Amino acid sequence: MSYRRQDIQRLVQHDRVHRDLYISPELFALEQRHFFANTWSYLGHTSQVPQAGDYLAVDIAGRPLMMVRQPDGGIRVLQNRCPHKGSPLVGEACGNVGKFIRCPYHAWTFKLDGAPLAVPLKAAYEGTALKDCESGQGMVALKHVAVYRDFVFVKLGDAGPGFEAYFGEALRSIDFLVDRSPVGRLRIEGGVLRNIIHCNWKMYLENINDTVHPLSTHESATAAAGALWQGQPADAPKPMAMEQILPFGSGFDFFDRMGGRVYPNGHSVLGVNFSIHSGYAQVPEYEAAMRAAHGEQRATEVLQHSPQNAVCFPSLSVKGSPQAIRVIRPLAADKMMLEAWSFRVEGAPEVLFERSMMYNRLVFSPMSVVAHDDVHLFEGMQRALHADGNDWISLHRNFRPDELGQGTADCNGTNELLMRNQFRAWAQFMSLTMED
Amino acid sequence: MDVNIERELQDFIVHEAHLIDTRQLDDWLALFAEHARYWIPLHGAAQTEGDAVNSLADEDRLLLALRIERLKNPRAHSQRPPSRCQHVLQTPQLLRSDEAAGRFELLTPFLYVEAQGERQQMLAGTARHRLLRRDGRLQIEQKRVDLLNAGEALPAIQLFP
């Protein structure tokens, strides 16, 4: 079928969504064209391109992009495509282009901002229309690029809200993460763990806000951890791995009481009160440095804010502690890539970086015993949704009609409002630029 | 170099892979010394010990035991159906040998196939074993596995390359 605006809105009901959101290749193609053009996607962190000429190449919604550090210290995002014949201008995920960008195919060159520099056989173009057409204008630079506390976001199209209007108060999640540094600076370090998962990206994203699955899905991992740790006195210092894995076995009540908050446009914080990350051992000298840098009140606020996950819809999930992010990259209706990045927190002791790396390794590595069960179930769901007789996915838990039209709202931690809010934003930005 | 010792070390490496491939995982774990490490660096062979770089897996005996315990649990959902694996080893090459101290290091290029249901994936890599002889028995002090494409986006690896 061919979807129009009202069809999209019919797929997302108040308390359930149609299975086509997960399994339809046609909807995926429309997402690439509409949804990802109208929303802000996380691209990368400026610490990944510290020097002029440094680049990071990232594909977003099928567009090959490159973020380039400029000679003046600024950040530009360019389409990684030679305006001549279409060759990619950089072939690796990151590196340094030097003083200018040079196409490997015919040696056309460009300044770091993408402006044309030189072409071979220049005289042969005299009297032609090259200069006045797209091919003569250099590399295409993205118009909508925002750098917020070193996090770089892009919007591919001209429609949709501006950066501040789109994220609004959800940006406090990034503030809470960055303010974990006494000097307000994070650096991406330790490499990236990348996973291919054969499921729709929205299935993964809604799971980030799913607090009812850990008890059953992760039972085998938490039971094994519990069995190995059994018999230890309650106050015995836990190895970091145990400290990180055991809380996955917390009960429904724990997850319900952690609380959630939804923001307009699909963003959320799960664990506004506490989370499975709240019990990590305290680091007194770090906390003293935080108080000295931020003042008593802000330091306490930052250190106590330890959410399960904060979602900057639709591509970024943030943990304030451990300092780690997940990035969701859709690849097909039934395929996505998950990236887990660690941060080194400037001005903080090594143990915070170790926590970040260990958490990503234990929970988001292709070899993670926690993720194995998630991934296996997602991949099974992706196939089983082709079963006939029920076209719908339930999102009924705690639905109340008065939640409709609310902007920012607080809720219990097991409330599926955290997911309904994502799908409502999906329908909104998917249909924004579609025909009636 | 005593050829008998070299042969014994090579047999040990082959036996170690055999225990994984036949899912005799408690016996496999028993090969590891108390302070052993099973390590799959994220940057493969390019990664130096001590680099501030993550790993696909970096496990002591406690974490290895956790993996093995979990696999026995009927609610290890990702093991329905169970994964199976096969190591295809090249002849282990003895890199270092100190018979007096009972310390040896071997390098073994391999292909590793992991299958589950109709899906099968193949990884290429090189294992580096640091072995100890204690009370006449060989033990693994460290098994480092450098995968050819460790840093790429990978599907789940559920067993032990």
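**View 1. Polar contacts and salt bridges between chain A and chain B.** Across the interface of chain A and chain B, 18 residue pairs are in polar contact, counting pairs in which both residues are at pLDDT 80 or more; the model shown here is a predicted one. Three salt bridges are counted between chain A and chain B, and one of them joins Glu379(A) to Arg119(B), with the closest N and O atoms 2.7 Å apart.

**View 2. The side of chain A that touches chain B.** At least two residues each are supplied to this side by several elements of chain A, among them strand S18 (335–345), helix H13 (350–364) and helix H14 (371–384). Strand S12 (186–197) of chain A is also in that group, and S12(A) gives the largest share, eight residues. By residue class, the side of chain A that touches chain B is made up of 20 nonpolar, twelve polar and eight charged residues.

**View 3. Area buried between chain A and chain B.** The size of an interface is often expressed as the accessible area lost when the parts come together. Chain A and chain B bury about 3100 Å² between them, and 63% of this lies on carbon and sulfur atoms. In chain A, the residues that lose the most area to chain B are Arg361(A), Met367(A) and His376(A), which together account for 22% of what that side buries. The contact as a whole draws 40 residues from chain A and 36 residues from chain B.

**View 4. The three-stranded open sheet of chain A.** The strands follow the order S2-S11-S10 in chain A, and their pairing is antiparallel. Strand S2 (41–45) and strand S10 (144–148) of chain A each have a single partner strand, so one side of each of these edge strands is left without a neighbour in the sheet. From one strand to the next, the twist averages 25°. S2(A) pairs with strand S11 (residues 151–155) of chain A over four bridges in the antiparallel sense, and His45(A) has Phe151(A) of S11(A) as its bridge partner.

**View 5. The four-stranded open sheet of chain A.** Here the order is S5-S4-S3-S6 in chain A, again with antiparallel pairing. Strand S5 (75–79) and strand S6 (94–96) of chain A are the edge strands, each pairing on one side only, and the twist averages 25° from one strand to the next. Strand S3 (residues 54–60) of chain A pairs with S6(A) over three bridges in the antiparallel sense, and Leu56(A) stands opposite Cys94(A) in S6(A).

Methods. Residues are numbered from 1 along each chain as its sequence is written. Chains are lettered from A and ligands numbered from 1 in the order in which they are written. This is a predicted model: local features need pLDDT of at least 70, side-chain atom pairs count only at pLDDT 80 or more; totals for chains, interfaces and linings use all residues. Side-chain values use heavy atoms; hydrogens and water are left out. Two strands pair if DSSP finds at least two bridges between them. Axes are lines fitted to C-alpha atoms, for helices over the stretch in contact, and angles run from 0 to 180 degrees between N-to-C directions. Contact means heavy atoms within 4.5 Å. Buried area is the accessible area (1.4 Å probe) that two parts lose on being put together, summed over both. A salt bridge is a side-chain nitrogen of Lys or Arg within 4 Å of a carboxyl oxygen of Asp or Glu. A polar contact is a pair of N or O atoms within 3.5 Å; within protein, one must be able to donate a hydrogen and the other to accept it, and residues adjacent in sequence count only if both atoms are side-chain atoms. Ala, Val, Leu, Ile, Met, Phe, Trp, Tyr, Cys and Pro count as nonpolar, Asp, Glu, Lys and Arg as charged, and the others, Gly among them, as polar.
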